[in-house]
Amino acid sequence: MEDKKTIFSGIQPSGCVTIGNYLGALRSWKELQNDYNCYFCVVDLHAITVKQTPQELRKRCVELYAQYIACGLDPEKNVMFFQSHVPAHSELSWLLTCNTYMGEMSRMTQFKEKSKKAGANVGLGLLSYPVLMAADILLYNTDLVPVGADQKQHLELARDLAIRFNNAYSPTFTVPEPYIQKNGARIMSLQDPLSKMSKSSENVNAFVSILNEPDVVMKKFARAVTDSDNQIRHDIVNKPGITNLIEIYSACTGKNIEQIEKDFEFKGYGDFKKAVGEAVVETIKPIQDNFKHIMQDKAYMEKCFTIGAEKASYTANKTLAKVQRKMGLASKKL
């Protein structure tokens with residue numbers, strides 16, 4: 001029997017999971033857990049590349065882990081853990097940093113964009129965190145990484161570093177490939193449909209959290225940006241706002257685009273926005289119920305992430321030891 005391939009993915013605890021995260025990634029992850037060895041991580045070390053309030057960050061980390069489970073990820077089928085609970089991530093990141101070129105880092109598109117906002121006080125972590133991301137992936141002999149368009153450059157760096165290390169020190173790392181999710185929808189901002197929905201957006205009306213109350217969800221969709229012709233038609237170029245709403249509705253109801261256009265052919269945007277909001281409310285209600293139950297059981301949560309970290313550490317430490325030995329660092333036993 002062929003061994004299962006390994007998948008690694010993680011989300012930053014920069015805010016609550018949005019319907020974009022859920023419909024675009026987490027819902028598909030539920031299917032992956034049956035066919036792959038999956039490592040799902042709360043990447044809390046990535047979050048501290050920018051200033052955080054410690055108490056709020058801790059709270060968001062725990063809530064994100066609970067949301068993983070509430071969305072259908074099974075801690076018994078997957079290795080689910082906090083990045084900071086596995087020290088090998090930080091250790092391998094430094095070893096890979098010593099094999100990374102300044103030019104590679106300065107060309108990173110996200111660094112260029114974020115450093116403009118930060119100005120002269122841009123942190124070194126913002127420059128080097130793609131190396132930590134590479135360490136996250138390479139520690140687990142990852143075969144496949146679910147990626148969006150905004151993360152392809154970082155995966156390329158992980159691939160480059162794996163190949164460079166293998167060539168310099170002998171084969172060590174699996175060179176990861178991108179995993180293009182078949183059922184993942186690309187959900188855009190409700191206020192700027194040309195940009196991806198982001199939980200860290202400054203405009204709270206731009207995204208819908210999976211924990212938003214029904215009345216909040218309905219108000220956000222009522223305020224969603226569309227266009228002036230009032231025709232419910234899928235047209236990415238000319239009607240990005242209504243196209244985004246159609247795709248959200250399709251992802252929540254399972255109806256195809258042609259059927260949706262037909263169902264709402266003689267209805268206006270107000271009716272359609274209401275229908276989309278109701279479909280989202282119905283989709284996220286069981287997640288919210290699960291989340292409330294999980295958050296009330298601290299012993300269960302602690303058990304899950306402790307076992308997850310132990311499993312992750314077992315694999316990660318073996319990879320780290322190989323890298324340390326091949327780079328010439330002193331062994332613990334002479």
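Biologist: Which residues have the most contacts inside the largest nonpolar core?

Modeller: Ile19, Tyr68, Phe221, Ile248, Phe272 and Val280 do, in a core of 62 residues. Helix 12 (residues 269-295) brings the largest share of this core, 11 residues. Another core lies apart from it, with 37 residues including Phe81, Met108, Ile137 and Leu161. Bear in mind that this is a predicted model, where local features need pLDDT of at least 70 and side-chain atom pairs pLDDT 80 or more, while totals for chains, interfaces and linings use all residues. Residues are numbered from 1 along each chain as its sequence is written, and side-chain values use heavy atoms, without hydrogens or water.

Biologist: What makes a set of residues a nonpolar core?

Modeller: Its members are buried Ala, Val, Leu, Ile, Met, Phe, Trp, Tyr and Cys residues joined through side-chain atoms within 4.5 Å.

Biologist: With which residues is Phe272 in contact, leaving aside neighbours within four places in sequence?

Modeller: Phe272 is in contact (heavy atoms within 4.5 Å) with Ile232, Ile242, Leu245, Ile246, Tyr249, Ile260 and Phe264.

Biologist: Why is Leu132 called buried?

Modeller: Buried means under 20% relative accessible area, exposed over 50%, and partly exposed in between, with a 1.4 Å probe and protein chains only. Leu132 has 11%, so the residue counts as buried. Leu132 belongs to helix 7 and touches Leu45, His46, Gln83, His89 and Ser93, not counting residues up to four places away in sequence. Its C-alpha atom is 8.3 Å from that of Leu96, 36 residues apart along the chain.

Biologist: How do you know that strand 2 is largely enclosed?

Modeller: In strand 2 (residues 37-42), 5 of the 6 residues are buried, so the rest of the structure largely encloses this strand. Strand 2 pairs with strand 1 (residues 6-11) in the parallel sense over 6 bridges; pairing takes at least two DSSP bridges, so these strands qualify. One of the bridges joins Gly10 to Cys41 in strand 2.

Biologist: Which helix gives the most to the lining of the second largest pocket?

Modeller: Helix 7 does, with 7 residues. Helix 4 (88-97), helix 5 (102-106) and helix 7 (124-138) each supply at least two.

Biologist: What classes of residue make up the lining of the second largest pocket?

Modeller: There are 11 nonpolar, 7 polar and no charged residues. Asp, Glu, Lys and Arg are the ones that count as charged, and Gly counts as polar.

Key: Helices (H or I, at least four residues) and strands (E, at least two) are DSSP runs, numbered from the N terminus.
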